[in-house]
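Hi,

Here is the structure I said I would pass on. Have a look through it, and my notes follow below.

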Amino acid sequence: MIDILESDEVRAARAEGRALVALESTIITHGMPWPQNLEVALSVEDEVRRAGACPATIAVINGRLHLGLDPAALRGLAQTKGVAKLSRADLAACLASGGTGATTVAATMIAAQLAGISVFATGGIGGVHRGAEMSFDISADLQELAQTPVTVVAAGAKAILDLPKTLEVLETLGVPVIAYGQDDFPAFWSRASGLRAPLRIDDPAEIARAHLMRGALGLPGGQLVANPVPEADEIPAARLAPLIAQAQTEAETQGVTGKAVTPFLLKRLFDLTDGASLEANIALVRNNARLGAAIAHAIGNAAQSRGGPAA
Ligand code: PSU
Ligand code: MN
């Protein structure tokens, strides 16, 4: 049996039947530089709390799956260099070897489902990389959305990816892609990608009902809720385009492959924008945490009125 170590806060929230929102840890270890990564992790958790839900940041520490990290554990993860990046393929081996690692979207979904948590908020999901027709680089996050019943709130997918191909693969896999409050599929730092999202829902309660309806239909898999970055914090896509192209070329010339690709591109973009992308990044993750909490509340309420479990 897998031994899940819950923080005191998570245990108390469960006892009170409070809504839980899962949060990933790869965004901390591989998505942002120190010390902003810790600041973001803490402020995103606070955002969930202010919205009346309980944050459950997920990571593997010394071979144990943690659900909810106290500030000291978060700090340790944020400060340590060379923490493993755990996706679906890596989770079991890391637990078996007593290792430590940060969970990606895919691995966080797996852990959330094990723990009975329906909603997970993050920044951006992994997707189909540019040049995937040659490299075959498609994130395991997409397959996970097809098979694990967790609703993931993200600001779309980063423009470092091939967004049209990412949407095509999600369609093939039968993953509902729901733009929140607009027609366009958001592009992380920018509100618009120029691509229409397959679905649009403006009400968190309706997103919650759709989540429960998938379960009732016996459909495996989750939903991707694409929440645009707040208008005040967005960076125009045109400003980023040349920098993304440069980072991409560097990755190719330096022969970066596999799970190193996404962290490499993210780090280069932070450097190339002198950290300017960070403010938008922070704002959008917090925005996703708020929406995630609203959806988690609505799922809890709907499930309770049917006499089901509250998470
Ligand atoms: N996209 C971001 N920031 C991130 C990631 C993606 O904007 O930090 C992380 C997430 O943890 C995601 C992972 O699950 O990268 C995807 O990695 P890969 O492309 O190797 O599957
Ligand atoms: Mn990849």
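A quick definition before the ligand: I call a residue near a molecule if one of its heavy atoms lies within 4 Å of it. Also keep in mind that this is a predicted model.

On that basis, 17 residues surround ligand 1, and the closest are Glu24, Lys85, Ser139, Asp141 and Thr262. With valine 105 the backbone takes part: one of its N or O atoms is 2.8 Å from a ligand 1 oxygen. On its own, ligand 1 has 470 Å² of accessible area, and the protein covers 93% of that.

Next, strand β2 (residues 20-23). In a regular strand, side chains alternate between the two faces of the sheet. Here both faces are covered, with Leu20 and Ala22 buried on one side and Val21 and Leu23 buried on the other. β2 pairs in the parallel sense with β3 (residues 54-61) over 4 bridges, and with β7 (residues 119-121), again parallel, over 2 bridges.

Last, the surface. Met1, Ile2 and Leu114 make up a nonpolar patch there, with about 380 Å² of accessible area together. Methionine 1 sits in the segment before β1 (4-6) and is exposed, at 98% relative accessible area.

Cheers

Note on methods. Residues are numbered from 1 along each chain as its sequence is written. Chains are lettered from A and ligands numbered from 1 in the order in which they are written. This is a predicted model: local features need pLDDT of at least 70, side-chain atom pairs count only at pLDDT 80 or more; totals for chains, interfaces and linings use all residues. Side-chain values use heavy atoms; hydrogens and water are left out. Patches are made of residues with over 30% relative accessible area and no salt bridge: like charges are joined within 9 Å, nonpolar side chains (Val, Leu, Ile, Met, Phe, Trp, Tyr) within 5 Å. Accessible areas come from the Shrake-Rupley method with a 1.4 Å probe; for residues, only the protein chains shown count as cover. A salt bridge is a side-chain nitrogen of Lys or Arg within 4 Å of a carboxyl oxygen of Asp or Glu. Buried means under 20% relative accessible area, exposed over 50%, partly exposed in between (1.4 Å probe, protein chains only). A polar contact is a pair of N or O atoms within 3.5 Å; within protein, one must be able to donate a hydrogen and the other to accept it, and residues adjacent in sequence count only if both atoms are side-chain atoms. Two strands pair if DSSP finds at least two bridges between them.
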